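Good morning, and thank you for coming. Please look at the model on the screen while I go through several of its local features.

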Amino acid sequence: MSKLEEVKTQVIAGKTKLVPGLVQEALDGGSSPNEILQSMIDGMKVVGDRFSAGEIFVPEMLIAAKAMKKGVEVLEPHLAGEAAASLGTCIIGTVKGDLHDIGKNLVSLMIGSTGFTMVDLGVDVPSSRFIDAIKENENVKLVACSGLLTTTMQAMRETVKTLKNSGLTGFKVIVGGAPITPGFAAEIGADAYAPDAGAAAEKAKEIVAAI
Ligand code: B1M
């Protein structure tokens with residue numbers, strides 16, 4: 001079994017103690033940080049499919065998520081580049097009702113690495129909390145909303161609507177997460193959509209430059 005396959009297998013098995021060492025070994029063996037990240041994401045896909053099939057339950061999903069988080073901790077310094085300039089503040093959070101944060105954390109890492117100061121509101125964030133954060137922080141140029149559940153897509157709609165109707169200006173809104181499509185993002189009035197963390201960082205720079 002290749003090192004990348006081993007990383008994927010042990011993420012699926014939720015081996016929180018083994019995964020960090022395997023990630024380090026994969027790095028030492030010459031695998032790129034993105035390849036290793038992808039192997040963990042592939043592992044989570046298997047976990048999700050097994051959950052859908054009723055073969056595993058929430059506790060197993062949770063332990064796999066913990067294993068992936070431990071692996072990501074090792075990858076973090078290798079994923080994020082050196083920020084060139086200050087592009088302003090980005091408020092990020094997973095929308096109300098949604099507790100998934102691995103993707104949001106990766107998006108935060110990548111957007112932060114392009115030069116934004118990140119303010120991470122965590123998970124299950126009501127729209128009012130996004131508004132408060134814009135008021136509490138200086139130079140907010142971007143609000144980034146993540147959502148992983150089809151059931152919380154409506155919370156994302158509500159969040160974008162609240163942001164756009166708030167009377168506050170000078171910032172753009174980017175959305176993403178597994179069930180979000182470019183069409184849905186446009187329909188709810190977001191300024192941008194990105195399918196993954198790398199693309200989110202690119203889009204973030206692009207839309208903020210246009211302010
Ligand atoms: Co849940 N879960 N989960 N879960 N979970 C999914 C999402 C699911 C697809 C699994 C499945 O059934 N196949 C399914 C959703 C189905 C649907 O709505 N269509 C699901 C479900 C049903 C649930 C519960 C309802 C289960 C239950 O209780 N019966 C429950 C809901 C809890 C809640 O949120 N209220 C639940 C709970 C959990 C855990 C807590 C156990 C755990 C999360 C732990 C944590 O995050 N700390 C968990 C996990 C781990 C998953 C899966 C297996 C993995 C998610 C993940 O971290 N993927 C997931 C299945 C899957 O995704 N294949 C599943 C890796 C991560 C890197 O990818 O988050 O997609 P992702 O992020 C990507 C992109 O989406 C994008 O960039 C990232 C990659 O670069 N992206 C953005 C994300 N945010 C972005 C924002 C952007 C741009 C891009 O701009 C701002």
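This is a predicted model: local features need pLDDT of at least 70, side-chain atom pairs count only at pLDDT 80 or more; totals for chains, interfaces and linings use all residues.

The buried residues of helix H4 are Ala64, Ala65, Ala67, Met68, Gly71, Val72, Val74, Leu75 and Leu79; buried means under 20% relative accessible area, exposed over 50%, and partly exposed in between, with a 1.4 Å probe and protein chains only. Helices here are DSSP runs of H or I with at least four residues, strands are runs of E with at least two, and both are numbered from the N terminus. The cover over the buried residues of H4 includes helix H1 (3-12), H2, helix H3 (33-52) and H5, where contact means heavy atoms within 4.5 Å.

Residues are numbered from 1 along each chain as its sequence is written, and side-chain values use heavy atoms, with hydrogens and water left out.

H4 also bends by about 35 degrees at Glu73, and a proline, Pro77, follows within four residues. The bend at a residue is the angle between axes fitted to the seven residues ending there and the seven starting there.

Let me turn to one of the helix pairs. Helix H2 (residues 18-28) packs against helix H4 (residues 58-79) at an angle of about 35 degrees, and their axes are 8 Å apart. These axes are lines fitted to C-alpha atoms over the stretch in contact, with angles running from 0 to 180 degrees between N-to-C directions. On the H2 side, Val19, Pro20, Val23, Gln24 and Leu27 meet Ala67, Lys70, Gly71, Val74, Leu75 and His78 in H4.

Which protein donor does the cobalt atom of the ligand have? The only one is His100, through NE2, at 2.3 Å; donors are N, O and S atoms within 2.8 Å of the metal (3.2 Å for Na, K and Ca), and water is not among the atoms, so sites may look incomplete. His100 is found in the loop between strand E1 (88-94) and helix H5 (102-113).

Thr94 belongs to strand E1 and is buried, with a relative accessible area of 0%. Not counting residues up to four places away in sequence, Thr94 touches His100, Asp101, Lys104, Gly122, Val123, Asp124, Val125 and Ser146.

Finally, Ser108 lies in helix H5 and counts as buried at 10% relative accessibility.
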